[in-house]
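Let's take a walk through this model, stopping at a helix pair, a single helix and a few salt bridges. Have the structure open as you read.

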Amino acid sequence: MIEVIDDLVAEGGELLLVYWCGHGMTDPRGDRRLLTAGASERNLANRLIADIRKRFASSAGAGFAHQVFIVDACANLLDHHEGEQRSLPDARMQALSTRKVRQDTFFATEVGAYALFDRAAGAAPFTAAALEHLTAAAADTFPPDFEAVFQRVAEDLTERDLPHTVSWFAEVDGSVREGQTSNRVFFGDRPRLASSFVFRKELARVREVLASGDGVANICALAGMKGVGKSQLASAYAQEQERAGWELVAWISATSRDETIRQLASLAVDCELATLDTPPDEAVRALLRHIDGTPADRLIVFDNVENYDDLTGLLPRSDHTRARVVITSTVAGRIGTPVRLGGYVREQSVAYLRDAAELDDPEGAEAVADALGDLPVALTQAATTIRLAGLDYAQYLNELRKRPLATTLRRETGDPYPVQVATALDTAITTVLGTMDSSQRDVAKRVLGAMALLAETGMPRSWAAALSNDRLAAGLSIGVLIDNHLLTSAAGPGAEVTLHRLLAAVIRDTASEADRDAAVTDAIQILRSAATAAESSTYLEQRATVAATAAQLRAIEAQHHSSLLCEHPDLLALANSTIYRANTLHDPYFAIGLAAYVARHEHVLGPHHSETLVSRNNLASAYKAAGNLGRAIALHKQNVIDSTRAFGPDHPYTLTSRNNLASAYESAGDLDRAIPLLEQNLIERERTLGHDHPDTLTSRNNLAGAYESAGDLARAIPLYRQNLTNSERILGGDHPHTLTSRNNLAYAYESAGDLSRAIALYRQNLLDRERILGADHPGTLTSRNNLAGAFESSGDLEQAIPLYRRNLADRERILGPDHPDTLTSGNNLAGAFASSGDLEQAIPLYRRNLADRERILGPDHPDTLTSRNNLAYAYQSSGDLQEAIPLYQRNLADSERILGPDHPHTLASRDNLASAYGSAGDLPRAISLHEQNLADSERVLGPEHPDTLSSRNNLAVTYGSAGNLTRAIPLYKQNLTDVERVFGPDHPRTITSRTNLAVALRAEEREATR
């Protein structure tokens, strides 16, 4: 297909007519796709129609002035949608021009419909009508009036009660991404309408409420007890808006505030307003700003709201939006216009039973409806039982009387449900299970028991396979449960299934103790399987798996009836492993969302249990990764105390806890606390575990890192060397710890100015990580970034900048634009531009980076301080000292407050502010700060630390600028001696020092001859 499109685009002409008759589908976003040759369930081999149209509008070739696309293909949403989603290759999609073309598009079906084929006539009705009317119109004039042609086609098919066609006509601007369907978003697991859905007068009332108003977000609160059909009614309204072409139709399962925020954040991602790494609250704010600020027809349904306070701050509020909101709840709230929904009126109940039970006996149907209180969910289950068991209405009522249940379903308010409702639901479950063979029945019963404990929002249909060795049998079992209304399938292609809350309550209330224990075991088995299904998949697929598992765990923890499941040791272990995996995949916010499970660990296992300590440590790591160092340090401190009390000071748990606390202190810049803890830890691990134990290698590496952070490279480099040698000998050259050791030694060499050694090690590490981990792994991206940094340090910007560019693009694609590592890549690319003198590119990048870090990490995070410093330096380099000096002043004050006056970053901030004062001609201030900084650097870092050498050089420069060569020249001489000793005679810094001394000596000679 790609080659055909390219050939046609290259030809060009006045009219292009593309006709497709074959297989098609609609993806989760509402975009239509064509299934090309070789398509199967596992390999859909599909192409976006929007991509095809975009290609023909491209400036890649001569193009066509008028383009017509006729598609006779299904637009149904596939239930088993597991195949590959394909677009035309990005590399072939050249930039589009601004020329306009006319594109007419005609589809045989609406979204959600199947294209028809008349086997008797041997033709597809849409195609036959299209050919007939096109031929007739073309006989009169060519090219024909396509809009008029397809108006006649639509009228022809409507008269024959065939599916509605869809058409639109547009002038396409090649510079703008085009496509009416491409910008639409259908989100969430909207329940599919029941085959015998009853249209009720309340639906007209919902339409009336949401059609009123002038621009203000209209809210309809649909209230009624469980089982009256609130979700079905809301789904019917949502389906109408999908078919009407609304820009956004979103279904949010709002069973708790946390779950609501999670789903709204996911909606923001689908709308391309946030990424998976954006903090959920920030993603929701971005979504609401977009909805409030850009008027368009949008619908959000908040289904199963239990507490209206959960929606505080989560609803559109602007007077200018055209958003509509539907809330379904068992209680009437104070938000929006209320619409009360009760049971069916008796005539509806009788008509429903007649159609669904396939039994026309009005008096008998009325008796059943009376016994069940006209409750829709109960009537649905009654019809299922009657139809499957071959009963009449009287026999059915007799069965209910013979099977009384001890349980009574209670409503949130008011009287209980009619006593026969619980019996009707239980009888339906028994009847449906009785129609299955033994293997299917076992799976179906286990699925129902597990789903009664799992998240009320449902689960992917494919998860049921965890309870059977036969995937097909599991799928068929779910199909029977859906067909007989025990489970509800989502309307979209996500294949989510839900269990009605009344059915779930009956299953829980009627279960024996053995059944409850089995249900807990099955629920855990389902979650374990779902959590591990993507272990061998790509990085992005693994992140999606963690997100789905975390969402289930959060929902379960918030459900009172799932407490038995939540406190099972195996589920606690799964929650802990999910927190850990989220951390390893750079997704701390998913991990932080499971913080409640750490408290459950303490409650169930006790505060000193090893699993409790591990879970607390993993949560602390998530807070640290998210930049919340205060919470991270508090958790690590508690772990040290509990580990020492439970296991003693020398136990591996205690040593690990102490190491992690030290690491948190180091991240916060508190090296005075970090280094003694790490020194103590290394001694204890060498004594208790031996010099070659992996944990000892970790301790030695971490101590070396702390020394390096403090500028003590004389101690850091020997430790790094020893660690790399031991790692290669003990773990092997390809072990992740060995790769980390090599990277860290390279970084220390770079800090010491030994760039030839650093670059060689970085190159080797990048090649090894690409080979072992793959090109998209975060560790590989880090290696590429570090190699670019070494090239930049050596002045080889021709190699550095392309590496930085590639890394930024890869991290934005893989991790998202808001991930801390992506922000680091943006900062580093800006730095490379600044080093090359290209400040026009550097300053905007630095500005964006500072704004992003302040928003995501907070104004006090060390990385934010670095961004502010770098932006100030770029302004200084451009001569804009009015912008630079206030930024430097703020950074110094914040560094002293957050990191302390002796932290290396604080010393660097003071030195930079002093240099800016010098550039502005304020030499007294500059000299005072430089003198203070040199004294502090020599005291804290040592006289030969690279930062100390820079500080001494900068003070000498400022003395020279003030005309005080008597003080400048001795400093230059001392610096040259020290730089030669530290970096060698040919290092760029040595050459700079030698040049600075020569310039000062020549200036002194000129003064002497005057």
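Start where Gly364, Ala365, Ala367, Val368 and Ala371 of helix 10 meet Tyr393, Tyr396 and Leu397 of helix 12, contact meaning heavy atoms within 4.5 Å. By class, this contact has seven nonpolar residues, one polar and no charged ones; Ala, Val, Leu, Ile, Met, Phe, Trp, Tyr, Cys and Pro count as nonpolar, Asp, Glu, Lys and Arg as charged, and the others, Gly among them, as polar. Helix 10 (residues 362-371) and helix 12 (residues 393-402) pack at about 25 degrees, with axes 8 Å apart. That makes helix 10 roughly parallel to helix 12 (angles under 35 degrees count as roughly parallel). The axes are lines fitted to C-alpha atoms over the stretch in contact, and angles run from 0 to 180 degrees between N-to-C directions. Helices themselves are DSSP runs (H or I, at least four residues), numbered from the N terminus.

A word on ground rules: this is a predicted model, where local features need pLDDT of at least 70 and side-chain atom pairs count only at pLDDT 80 or more, while totals for chains, interfaces and linings use all residues. Residues are numbered from 1 along each chain as its sequence is written, and side-chain values use heavy atoms, leaving out hydrogens and water.

Next, helix 36. Its buried residues (under 20% relative accessible area, 1.4 Å probe, protein chains only) are Leu881, Ala884, Ile885, Leu887, Tyr888, Asn891, Leu892, Asp894 and Ser895. Helix 35 (862-877) and helix 37 (904-919) are included in what covers them. Just after helix 36, glycine 900 takes a positive phi of about 100 degrees.

Now for the salt bridges, each a side-chain nitrogen of Lys or Arg within 4 Å of a carboxyl oxygen of Asp or Glu. The count comes to 56. One of them joins aspartate 522 to arginine 446, with the closest N and O atoms 2.8 Å apart. Aspartate 522 sits in helix 17 (residues 513-532) and arginine 446 in helix 14 (residues 438-451), so the pair ties together parts 76 residues apart in sequence. At 7% relative accessibility, aspartate 522 counts as buried, whereas arginine 446, at 24%, counts as partly exposed (that class runs between 20% and 50%).

Which residues are linked in a network of salt bridges? Glu770, Asp776, Arg784, Arg806, Asp810 and Arg813 are. Within that set, the side chains of aspartate 776 and arginine 813 meet at 3.0 Å, N to O.

Conventions: Helix = DSSP H or I, 4+ residues; strand = E, 2+ residues; numbered from the N terminus. Parallel < 35°, antiparallel > 145°, perpendicular 65-115°, else oblique.
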